[in-house]
Amino acid sequence: GGKAMQMGWNDRDDVLRWASIADNMFRDSTGHARIVIHGWSMGGATTMNVAGENTPDYIKCFVEDCGYTSVWDQFSKELKGLFGLPPFPLLYTASWICQLQNGWNFQEASALSQVARCTKPMLFIHGDNDDFVPTWMVHKVYAAKPSPKEIWITEGVDHAHSYKLYPDEYTEKVKAFTDKYVR
């Protein structure tokens with residue numbers, strides 16, 4: 001909810017609140033739920049943004065699919081690709097307005113910075129033909145993330161279609177990854 005799209009930045013707080021609610025609703029005999037945070041596209045960026053926070057023990061691991069490195073990088077890419085424009089002055093101005101209206105700016109909304117602080121396991125998934133969130137972005141966030149981590153680059157896949165084009169393999173890879181950490 002809200003008046004403005006938060007690009008996965010402030011949404012990280014919502015995910016943590018929902019995880020707390022889920023923990024209260026689905027506790028097992030150990031006294032807690034076992035939660036995996038999994039998101040696609042902006043949800044992938046949100047997942048990485050959550051991962052950089054001090055997450056409770058019941059959040060066991062993360063699966064991000066085709067999330068971007070930062071709001072700044074994504075908007076810069078779109079501005080250049082769609083309009084042939086450099087970041088200055090438009091992106092700087094828009095970021096400043098976002099700061100005034102929403103309390104955050106495009107440069108601080110960085111999944112790259114967040115994953116660098118993440119100590120819990122993360123699986124990165126990205127299509128090798130993604131031109132909306134370019135594939136180079138997943139390599140950058142993967143390199144920034146301390147272990148444990150895994151990566152799966154799906155062949156011939158554009159943006160957010162890894163599951164659609166490889167449903168069985170996607171399910172198997174995600175299950176194999178999460179089974180290691182959710183017991």
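A helix crossing is called left-handed if the near helix is turned anticlockwise from the far one by less than a right angle, and right-handed if the turn is clockwise. Keep that in mind for helices H3 and H4, because their crossing is right-handed. One thing before going further: what you have above is a predicted model.

Let's stay with that helix pair for a moment. H3 covers residues 71-83 and H4 covers residues 90-102, and their axes come within 11 Å, crossing at roughly 140°. An angle has to be over 145 degrees to count as roughly antiparallel, so H3 and H4 end up as oblique to each other. The loop between H3 and H4 holds Pro89, and the peptide bond joining Phe88 to Pro89 is cis, with omega about 5°.

Pro148 sits in the loop between helix H6 (136-144) and strand E4. Met7 has a positive phi, near 55°. You'll find Met7 in the segment before H1, and its relative accessibility of 10% makes it buried. Cys66 also has a positive phi, near 60°. Cys66 belongs to the loop between E2 and H3 and is buried too, at a relative accessible area of 1%.

Now for the charges. Side chains of opposite charge can pair when their charged atoms come close. Counting side-chain nitrogens of Lys or Arg within 4 Å of a carboxyl oxygen of Asp or Glu, the model has 7 salt bridges. One of them pairs Glu53 with Arg12, at 3.0 Å from N to O. Glu53 is in the loop between helix H2 (42-51) and strand E2 (59-65) while Arg12 is in helix H1, so this bridge ties together parts that are 41 residues apart in sequence.

Glu150 is partly exposed at 26%, and Lys180 is partly exposed at 37%.

What about the nonpolar side of the surface? Trp18, Ile21, Met25 and Phe26 form a patch there, with about 510 Å² of accessible area together. Met25 is part of helix H1 (residues 11-25). Its relative accessible area is 58%, so Met25 counts as exposed.

To finish, look at His159, in the loop between E4 and helix H7 (162-165). Is His159 buried or exposed? With a relative accessible area of 15%, it is buried. From C-alpha to C-alpha, His159 is 17 Å from Leu82, and the two are 77 residues apart in sequence.

Note on methods: Residues are numbered from 1 along each chain as its sequence is written. This is a predicted model: local features need pLDDT of at least 70, side-chain atom pairs count only at pLDDT 80 or more; totals for chains, interfaces and linings use all residues. Side-chain values use heavy atoms; hydrogens and water are left out. Patches are made of residues with over 30% relative accessible area and no salt bridge: like charges are joined within 9 Å, nonpolar side chains (Val, Leu, Ile, Met, Phe, Trp, Tyr) within 5 Å. Accessible areas come from the Shrake-Rupley method with a 1.4 Å probe; for residues, only the protein chains shown count as cover. Helices (H or I, at least four residues) and strands (E, at least two) are DSSP runs, numbered from the N terminus. Buried means under 20% relative accessible area, exposed over 50%, partly exposed in between (1.4 Å probe, protein chains only). Axes are lines fitted to C-alpha atoms, for helices over the stretch in contact, and angles run from 0 to 180 degrees between N-to-C directions. Angles under 35 degrees count as roughly parallel, over 145 as roughly antiparallel, 65 to 115 as roughly perpendicular and the rest as oblique.
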